[in-house]
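Visitor: I would like to learn how to read a structure like this one. Could you walk me through it step by step?

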Amino acid sequence: KPEILDPQGQAIAGALPRLGFEGVTSVRQGKRFELELDGPLTPDVLAKVEEAAKTLLSNPVIEDYAVSLPEGEPA
């Protein structure tokens, strides 16, 4: 969430110019989960993945989450 401090992102943003990467005004560091599912991706399965992201994989007090599919994957 934007209102939560991100010291690791700030450290990265400070290091980028020293390494020759100019023009970056902000960095937010986060985590990513990749799930492989057995069987077809139905709306019910996708809803269960959303629920897992909401209740287990993220801390909604300090994190936002998004569920996305690989390019070309039907929803």
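This is a predicted model: local features need pLDDT of at least 70, side-chain atom pairs count only at pLDDT 80 or more; totals for chains, interfaces and linings use all residues.

Guide: Gladly! Let us begin with how the elements are named: helices are DSSP runs of at least four residues, numbered from the N terminus.

Visitor: Is Leu 69 buried, partly exposed or exposed?

Guide: Buried means under 20% relative accessible area and exposed over 50%, with partly exposed in between. Leu 69 has a relative accessible area of 30%, so it is partly exposed. As for its place in space, Leu 69 is 16 Å from Lys 31, C-alpha to C-alpha, and the two are 38 residues apart in sequence.

Visitor: Now the charged side chains. How many salt bridges does a search of the whole structure find?

Guide: The general idea is a side-chain nitrogen of Lys or Arg within 4 Å of a carboxyl oxygen of Asp or Glu. Here the search finds 3. One of them joins Glu 63 to Lys 31, with the closest N and O atoms 3.5 Å apart.

Visitor: Which residue does Arg 32 pair with?

Guide: Arg 32 forms a salt bridge with Glu 34, and their closest N and O atoms are 2.9 Å apart. Arg 32 is exposed, with a relative accessible area of 69%, and Glu 34 counts as exposed too, at 65%.

Visitor: What about a salt bridge inside a helix?

Guide: An α-helix has 3.6 residues a turn, so residues three or four places apart point the same way. In this model, Asp 44 and Lys 48 are 4 residues apart in helix α2, about one helical turn. Their side chains meet in a salt bridge at 3.6 Å, N to O. Asp 44 counts as partly exposed at 48% relative accessibility, and Lys 48 as exposed at 55%.

Visitor: And how does the span of α1 compare with what is expected?

Guide: α1 has 12 residues and reaches 17 Å from its first C-alpha to its last, close to the expected 16 Å. After α1 comes Gly 20, which has a positive phi near 95°.

Conventions: Residues are numbered from 1 along each chain as its sequence is written. Side-chain values use heavy atoms; hydrogens and water are left out. Buried means under 20% relative accessible area, exposed over 50%, partly exposed in between (1.4 Å probe, protein chains only). Helices (H or I, at least four residues) and strands (E, at least two) are DSSP runs, numbered from the N terminus. The expected span of a helix is 1.5 Å times one less than its number of residues.
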